[in-house]
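Please read it alongside the sequence and the structure.

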Amino acid sequence: MKAKVLNTVCLLMATGASAETQLERFEGIAEEMNTAMLQMMINEIESQGGDGAALRELDGMFPPWTDEIRAAAGCIIDSYVEEVGSDEVNAMMDRMDEVLPQMATMTVTESEESGSLDDMSPAGMSLDRTLEINDSCGMMDLQIAASQESGFFEAMMEAGATVPGNN
């Protein structure tokens, strides 16, 4: 999985615990992104001649947020705010809102080629730094567990195996 896609997946569960309005706003964005990213993966599998049915059966890549996920997400946003400021965190969410309507119509490859996922990190913060923050706040481990719980990993493997030449 490319770093941009991984970072976007990490951001699916990140949120702003520093202000209730940021939390509510980002939780909504994350829910929409969860659906859009899953559709992008289905589009990718099917564009390569595979069958996305196993992925279509999922409600999303991740189950609903838990208190543990919210705590990790709060840690992430607090770190972002500390490094780039609250205005930039809000601007990041604005950019996410802008890109969401297009995401479900694209493949993962198209999104990478178009750069549509490039602005999913706060401006002034490197992709490597956002991944470090996500990992240090425990979000990576929580996302892996959530992906296993939702059945996403198994469905992705099943769908991926239907792509010609992927056996």
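Arg 129 and Glu 83 meet through their side chains in a salt bridge at 2.5 Å, N to O, the term standing for a side-chain nitrogen of Lys or Arg within 4 Å of a carboxyl oxygen of Asp or Glu. Because Arg 129 lies in helix α7 and Glu 83 in helix α4 (residues 67-84), the pair ties together parts that are 46 residues apart in sequence; helices are DSSP runs of H or I with at least four residues, numbered from the N terminus. Arg 129 is partly exposed at 29% relative accessibility, and Glu 83 is partly exposed at 39%, where buried means under 20% relative accessible area, exposed over 50% and partly exposed in between (1.4 Å probe, protein chains only).

The model is predicted, so local features need pLDDT of at least 70 and side-chain atom pairs count only at pLDDT 80 or more, while totals for chains, interfaces and linings use all residues. Residues are numbered from 1 along each chain as its sequence is written, and side-chain values use heavy atoms, with hydrogens and water left out.

## Other charged pairs

The structure holds seven salt bridges. One of them joins Arg 25 and Asp 97 at 2.9 Å, N to O, linking helix α2 (residues 20-47) to helix α5 (residues 86-103) across 72 residues.

## The faces of α7

Within α7 (residues 127-136), the residues Thr 130, Leu 131, Ile 133 and Asn 134 are buried. Seen down the helix axis, these buried residues fall within an arc of 160°, taken from the directions from the axis to the C-beta atoms, so they line one face of α7. The face turned away from that side carries the exposed residues Asp 128 and Ser 136.

How values were computed. Helices (H or I, at least four residues) and strands (E, at least two) are DSSP runs, numbered from the N terminus.
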